[in-house]
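Here is a short briefing on one protein structure. Please look over the sequence and the model first.

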Amino acid sequence: MSLHVACLCAAWCRTCESYQQIFEAACAELPQAGLQVRWIDIEDEADLIGDLDIETFPALLTADDAQVRFAGPLTPQPDTLRRILRAHLADATPARVDADYIRLAERLRTQG
């Protein structure tokens, strides 16, 4: 089972700009997990984002092949991201999320 991990940001966001390296490094620490990692600029990939309205950056989406496990804003500390990734690799509990996040996860799954 794959775990899709997407960080949703915007090019104009300075927090996102400095977070991209942290995000990529934390995901790279788990190569055995087979993460499907995406950095998504919400403006450049507006078609992919659809109607999802993101108010706080960075936002994170984690989803397995069947359900969304986490969706929402994330503090930009590496340890927070590492903790979330490890927890979601160990526990397949679905999250209660907005339907727009579920649709985004479906689009990410089909893009592989």
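Is Cys16 buried or exposed? Cys16 is buried, at 1% relative accessibility; buried means under 20% relative accessible area, exposed over 50% and partly exposed in between, with a 1.4 Å probe and protein chains only. This is a predicted model, in which local features need pLDDT of at least 70, side-chain atom pairs count only at pLDDT 80 or more, and totals for chains, interfaces and linings use all residues. Residues are numbered from 1 along each chain as its sequence is written, and side-chain values use heavy atoms, with hydrogens and water left out.

**Sheet**

- An open sheet is built from four strands in the order β2-β1-β3-β4, with mixed pairing. Strands (E, at least two residues) and helices (H or I, at least four) are DSSP runs, numbered from the N terminus. Two strands pair if DSSP finds at least two bridges between them.
- β2 (36–41) and β4 are the edge strands, each pairing on one side only.
- From one strand to the next, the twist averages 10 degrees. Axes here are lines fitted to C-alpha atoms, for helices over the stretch in contact, and angles run from 0 to 180 degrees between N-to-C directions.
- Helix α4 packs on the sheet and touches β1, β2, β3 and β4. Its direction makes about 65 degrees with that of β3. Contact means heavy atoms within 4.5 Å.
- Five bridges link β3 and β4 in the antiparallel sense. The two strands form a hairpin, with four residues between them.
- Ala59 has Pro73 in β4 as its bridge partner.

**Nonpolar core**

- The largest nonpolar core has 37 residues, and Leu8 and Leu61 touch the most other members. Such a core is a set of buried Ala, Val, Leu, Ile, Met, Phe, Trp, Tyr and Cys residues joined through side-chain atoms within 4.5 Å.
- β1 (4–9), α1 (14–28), α2 (46–49), β3 (59–63), β4 (68–73), α3 (78–90) and α4 (99–111) each supply at least two residues of this core.

**Cysteines**

- Cys13 lies in the loop between β1 and α1. Cys13 is buried, at 8% relative accessibility.
- The structure has zero disulfides; a disulfide is a pair of cysteine sulfur atoms within 2.5 Å.
- Cys13 and Trp39 are 26 residues apart in sequence, and their C-alpha atoms are 14 Å apart in space.

**Other local points**

- Phe57 and Pro58 are joined by a cis peptide bond, with omega about -10 degrees. Pro58 sits in the loop between α2 and β3.
- Thr80 belongs to helix α3. Thr80 is buried, with a relative accessible area of 15%.
- Neighbours within four places in sequence aside, Thr80 contacts Leu74 and Thr75.
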